[in-house]
Amino acid sequence: MPIPKCTRAMRSEKVKAIILCAGRGTRLRPLTFTSAKQLIPVANKPVILYSIEKIHKAGITDIAMIVNPDNVKDFKEVLEDGSDFGVHLSYIIQQEPKGLAHAVSLAEEFINGDSFLMYLGDNLIQEDLAKFVEDFQRTKTNASILLTPVQDPTRFGIAIMEGEKVTRVVEKPKNPPSNLAIIGVYIFSPKIFEGVKNIKPSWRGELEITDAIQYLIDHDGGVRGHIVYGWWKDTGRPADLLEANRRVLSEIKTSQILTQLNDGNYKIEGPVVIEKGVTISNSLIRGPVIIGKDASIINSYIGPYTSIGANVTIENSEVENSIFMENSTIRDVDVRIDASIIGKNAMISSIKIKPRVHNLVVGDYSTIRLS
């Protein structure tokens, strides 16, 4: 049965949001053994907060987090009810990873007949979502999706367009019909739930959101594409996190030094953010760099594109282009640490006595390269 085109009287003007965070983050192990991947910091701020800020800036304040049974506690500890960030958060548990469309189906009661923005929680985008939401409300279509040209379309869901209208979508095609990737931000009318209920699991055993969107297309549901050219990043792998960290830090144009640095024997070059309680002694800081509260930098070099979390100690070492999470310690390391992600409470140090050896305690799925 064809889906009727929406009219103003049929659609609520309210827009809610759901953020999908139920993935297990296997490509980021061992970091995700102890924390959800969306809570890993980029420029000292959890990835998920960038998503929430984008949604809030678009005028949406009622948000449901789609989480799994193992990470729901982590999200609640960090985000609570969302009031600190100007939003109201609800939590919906996806017990098993059955696909994006399955996650959407779990939110039907929360949506309650309203339109909604769907955001993949590990995405970082530059685009201002306010215009995206406004265009959706103005055009009265049943779905609008963010698209961007990519070099390797086989890694993404891909859309074919005629003008602004999407005529076909396909998930990770071997022979891509276009280079327009679906980048993980969508707006749907409640009609998407009809699409979800009329699709079957893909070869992966999951309910694909691309199949639900194609159902809308096939039944005159009206789907529009919104092409963006600003940067975006799926932070699902270590290299992606580091690139996102560089992107965010590169936006620091002027220094913000929020503490009194008493020791005069240091040098700061380029833009930096230095939070309260930081100690810097006999060191060179070359921005863009962010240093979290109560960190200590002693006899060290901190190179560009480095994020140093709260209570981190870096002593007699050189680091750059890396992420150091809170309470980690780097001490007496002879070789510069580059392009690295160091988790919470981790310690890296050198043994000065002879015989000199590598003494390691390494968790599952870790990566260590020694020179």
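Predicted model: local features only at pLDDT ≥ 70, side-chain atom pairs only at ≥ 80, totals over all residues.
I took helices (H or I, at least four residues) and strands (E, at least two) as DSSP runs, numbered from the N terminus. Residues are numbered from 1 along each chain as its sequence is written, and side-chain values use heavy atoms, with hydrogens and water left out.

Entry: backbone exceptions.
Most peptide bonds are trans, and most residues other than glycine have a negative phi. I looked up the bond from Gly-287 to Pro-288 and found it cis, with omega near 10°. Pro-288 sits in the loop that runs between β18 (283-286) and β19 (289-291).

Next I looked up Lys-140, a non-glycine residue with a positive phi of about 60°. I placed Lys-140 in the loop between α5 (129-139) and β8 (143-149). Lys-140 counts as buried because its relative accessibility is 16%; buried means under 20% relative accessible area, exposed over 50%, and partly exposed in between (1.4 Å probe, protein chains only).

Ala-339 is not a glycine either, and its phi is positive, about 50°. I found Ala-339 in the loop between β27 (337-338) and β28 (341-342). Its relative accessibility is 42%, so Ala-339 counts as partly exposed.

Entry: helix α7.
How many of the 10 residues of α7 are buried? I noted 8 for this helix (residues 209-218), so α7 is largely enclosed by the rest of the structure. Among the buried residues are Ile-209, Ile-213, Tyr-215 and Leu-216. Just after α7, I noted a positive phi of about 60° at Asp-220.
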